[in-house]
Amino acid sequence: MKRRIFSGARPTGRQHLGNYLGALQNWVSLQDEYDCIYCVVDVHALTTLEDTSSLQTDIYEMVLDWLAAGLAPDKSILFVQSHVPEVMELHTLLGMVTPLGWLLRVPTFKEKARLQPKNVNYGLVGYPVLMTADIVLYKAEFVPVGEDQLPHLEIAREIARRFNNLFGNTFPEPQAKLTLFPLVLGLDGKEKMSKQLGNDIEIALSAEETVNRVMTAVTDPARRYRNDPGHPEICNIYRLQGYFNPLELDNIAEQCRSAKIGCVDCKMLLAQQINSSLEPFRERRAALASKPQYIADVLAEGAQRAQVIARETLREVKQKMGLI
Ligand code: SF4
């Protein structure tokens with residue numbers, strides 16, 4: 001039996017290069033070795049989302065990108081969190097074994113409460129409990145995460161451990177599976193690539209749109225003129241070349257330092273590499289987009305398969321807690 005992996009992502013619509021390099025490629029590569037469950041965590045999105053009018057479109061666009069990038073419904077379970085409502089029940093039950101102090105100490109709760117002072121809802125503080133329910137409902141042993149998410153996983157482990165201590169061994173304590181490319185900076189060269197910050201490059205853009213986006217990127221601020229020598233080590237375009245053009249990296253660094261290459265040419269080189277690397281993805285995406293019912297079918301089938309596991313776990317949990 002393969003060991004099980006669970007991972008989820010909020011429905012953010014079309015995916016960007018940060019999602020692609022930081023998570024998606026990793027998810028795809030894990031499919032052969034592990035029993036993978038990938039989930040669109042739509043309920044989590046409600047903790048910060050007041051306007052839900054684009055939620056269904058965002059789910060559709062994101063899953064379209066997932067499938068085009070290589071997530072395969074015949075290898076992995078792909079589903080939407082709220083389509084398997086057992087997770088809400090487990091969330092409530094795990095809430096009974098989770099000390100409030102643990103949740104109030106979570107740095108992201110404090111940060112989100114600061115960012116949305118008029119909407120400090122229960123979901124914000126209960127987020128780690130729901131996240132734990134997401135993982136342990138499927139008894140996943142591993143969760144692919146970036147380093148910034150390690151504290152969240154630690155809470156999940158603590159909640160699972162506490163439940164096991166109180167009611168008998170039930171859940172594996174989920175372990176982190178760190179991704180190879182943990183942090184992709186955005187076009188501003190400062191912040192993590194993010195749709196909210198508008199510093200992203202969507203992977204579904206056309207080749208021309210990709211060139212236009214890359215051309216807006218901030219490079220070495222000290223390189224004001226074409227003849228100024230550059231400092232590739234502080235330039236995000238150079239960093240991105242490392243993902244898409246690794247064989248040329250030394251050459252680019254040398255040409256940048258000696259001002260043999262200008263930033264416009266360097267960006268064009270990067271955009272071309274991104275485009276050729278994403279061409280098969282874009283072709284698959286266009287083919288999938290021509291049959292929109294397919295996405296709904298994949299998600300319905302995924303929810304059915306996930307629910308079989310979820311019901312079994314929930315029954316065991318209720319039995320151990322004395323509810324049955
Ligand atoms: S030439 Fe390339 S690596 Fe050097 S500063 Fe310009 S964009 Fe960055």
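Trainee: In β3, which residue is the bridge partner of Cys39?

Mentor: Good place to start, and keep in mind that this is a predicted model. Strand β3 covers residues 77-80 and pairs with β2 in the parallel sense. Within β3, the bridge partner of Cys39 is Phe79.

Trainee: Over how many bridges do β2 and β3 pair?

Mentor: The two strands run in the parallel sense, with β3 spanning residues 77-80.

Trainee: Which residue in β2 stands opposite Ile5?

Mentor: Let's look at β1, residues 4-9, which pairs with β2 in the parallel sense over 6 bridges. In β2, the residue opposite Ile5 is Cys36.

Trainee: Through which helix does the chain cross from β1 to β2?

Mentor: This is a β-α-β crossover, and it is right-handed. The helix on the way spans residues 17-30 and is α1.

Trainee: How many of the 6 residues of β2 are buried?

Mentor: Strand β2 takes in residues 35-40 and is mostly covered. Buried here means under 20% relative accessible area. By that cut-off, the number of buried residues in β2 is 5.

Trainee: Now the ligand: how many charged residues does the shell around it have?

Mentor: The space taken by the ligand is the largest cavity. Residues around the ligand include Thr219, Cys235 and Tyr238, and also Asp220 and Arg223. Helices α10 (236-244) and α12 (263-289) each supply at least two residues of this shell. By class there are 6 nonpolar residues and 1 polar, and the charged ones number 2.

Methods: Residues are numbered from 1 along each chain as its sequence is written. This is a predicted model: local features need pLDDT of at least 70, side-chain atom pairs count only at pLDDT 80 or more; totals for chains, interfaces and linings use all residues. Side-chain values use heavy atoms; hydrogens and water are left out. Buried means under 20% relative accessible area, exposed over 50%, partly exposed in between (1.4 Å probe, protein chains only). Helices (H or I, at least four residues) and strands (E, at least two) are DSSP runs, numbered from the N terminus. Two strands pair if DSSP finds at least two bridges between them. A crossover is right-handed if, with the strands pointing away from the viewer, the path from the first strand over the helix to the second runs clockwise. A residue is near a molecule or strand if one of its heavy atoms lies within 4 Å of it. On a 1 Å grid over the protein atoms alone, a cavity is a set of points where a 1.4 Å probe fits but cannot get out, and a pocket is an open set with protein on both sides within 12 Å along at least five of seven lines; lining residues have an atom within 4 Å of a point. A molecule sits in a cavity or pocket if more than half of its atoms lie within 2 Å of its grid points. Ala, Val, Leu, Ile, Met, Phe, Trp, Tyr, Cys and Pro count as nonpolar, Asp, Glu, Lys and Arg as charged, and the others, Gly among them, as polar.
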